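Me: Please walk me through this complex. Keep it brief.

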Amino acid sequence: MKHTQPTYLVSLLAALIVLTVPLHVCAQEQRKTAWGEPDLAGAYTEFTIAPLERPEELGTKEYFTPAEAEIFQLQRLEEVNQDDETEPGTQADVHYDFGTYALSANEGITSPNLRTSIIIIPNNGRIPPLVPAAITRRDARGDARLGHEFDGPENRSLTERCIVWPSTLPPILPGGYNSNLQIFQSPGYVIIQGEMGDPRIIPTDGRIVTDSLPQWIGNSTGRWEGATLVIETTGFNDNTAWRNATANMHVTEWLTRLDDDTVEYRFRVEDPQTWAEPWEGVYPLTNLNGLLFEYACTEGNYGMANILSGERAVEQQAEKQ
Amino acid sequence: MKPFFITLFLQILLAAQQVYAAGPLIEFPRASDGHPDFSGVWQTLSSAHWNIEPHVAAAAVLPALGAQFAVPPGMGVVAGGTIPYLPEAKAQRDRNFTARLLEDPEGKCYLGGVPRSTYMPYPFQIFQNINEIVMVYQFATGLRRINVGGTEEAPLDSWMGWSNARWDGDTLLVEVSGLNGLTWLDRAGNYASANARITESYTPLGPNHVLYEVTIIDATVFAQPWKISMPLYRIVDADFRLLEFKCEQFAEEKLYGHLRKPEAQ
């Protein structure tokens, strides 16, 4: 019996395919930097259809079915695209329209996610209640601001002042827009930079910070546990007050590459002076297939000047009457 | 007798070669690809941030601030001493100087751009990977991403510019374009426009020193290309880390003070 050449080649090809498939899978699992650490580098979008907190009516339901997820996504996009019924000529009518280009969730990549919420602990998928001391702090801040919201720049939010965008702090959470981040690695360091944030320089040797200098973005130290980068952050200052937290907030983050396009981002937030229990969340970071560009906030902060001068104009108008 | 002298001569030659070869470059750390590894924390030591041209000491911009905030003297970092401005550009520089209290972008906490960020009197940290180098500057947490081997033109303007780098032996050459022309070169009002093309070079000088040189080409401002040159000094302090210098809140009075609600009468 004569083996025809095509048969021989087909067998050879089949053998090669069978042999290389496991190697390909191994290569993805073992993606490493030039110096042998797990490779987390890339530009990612944080935007995911799962909301931070689970809608109350879903209870402890952690996952949608694909069909349910599709309906939920359409509903959510419809909600943000709706024209708000705000009265023209009022302050409430001046707001971002998230249905417009560049703000609409339809425009960019959305991380695939069947979860019903980013928060997974507690099991209702919602931020635990504030402890009484935190409520007191929050209300005191609110009271101090009342009637003085436009007195000067220090009365405006940290974002309007271009000091810090809370969504770029640890823990990193998708925000209204520009929910992108870049991860850069070099021997001994990982830098995580939210698009609208300051670069977080994270040493990966697990070092303890020896000074006690608080920072707006806290002090982060990292260590590798297998393929996961574990980051501990403490040392926030008193002014960050992320979601009413104190300077004693402790954030733990875990970053693990799942495949070429995805890094899992998991976090835990602890602050007994703010929340009755620690809470945790998880969501995927998806490859942006693009660049992040410089976000020079204070350099282009026309908003602050316009907000304050607008209020001065309103006051002058009122005086004339 | 002769072979002895020949051997001696050869031994001396070999020894001399070894001494020459065992120069500073061998002690400078090297990356896994064999190139010098510029990773670490660096800072310059000069008064270039006040004025890159040679200058004598001068009063503070607000004399009431006294001697502490007076302008220290400087030998200058400009090759040849003087920046070759075109006549109209020099007039602009002089107007910048007169208006510096209000107009210096640094006072507004605006990003320092390139090359000013390098010689601000604050540390900066270099993170070197094979294809990408990141530099983080303490002032206003400026950040540059440098594409090693990159050739793409700047897709848009920015404060910190668009940087492509290549190796020339042990020298890292960085071409910077896409600068927006809104930064200054120092506190004395020296400046370049958005047409500027900057070439930086980083060359190890010793285990803890790097020679930093910058060529600036901008035909709309300068009569010819010119160069600045200064060493970078490695920060060797134990446990040193780059602390935040988020100056936005310190610039609010300057930027928005005139828009505050007037005090009630």
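Reply: Two residues are in contact if their C-beta atoms, placed from the backbone, lie within 7 Å. This is a predicted model: local features need pLDDT of at least 70, side-chain atom pairs count only at 80 or more, and totals for chains, interfaces and linings use all residues. Residues are numbered from 1 along each chain as its sequence is written, with chains lettered from A and ligands numbered from 1 in the order written.

Me: Which residues of chain B is A:Ile191 in contact with, leaving aside neighbours within four places in sequence?

Reply: Within chain A, the partners are A:Phe184, A:Pro199, A:Arg200, A:Ile201 and A:Ile202. Across in chain B, they are B:Phe127 and B:Val134.

Me: How many residues of chain B are in contact with chain A?

Reply: The chain A side has 32 residues. The chain B count is 31.

Me: What is the mean pLDDT of chain B?

Reply: pLDDT is the predictor's confidence in each residue, from 0 to 100. Over residues 18–24 of chain B it stays under 50. Where pLDDT is low, the predicted coordinates should not be read in detail. In chain B, 91% of residues reach 70 or more, and the mean is 92.

Me: What ipTM does the predictor give the complex?

Reply: The pTM is 0.88. The ipTM is 0.87.
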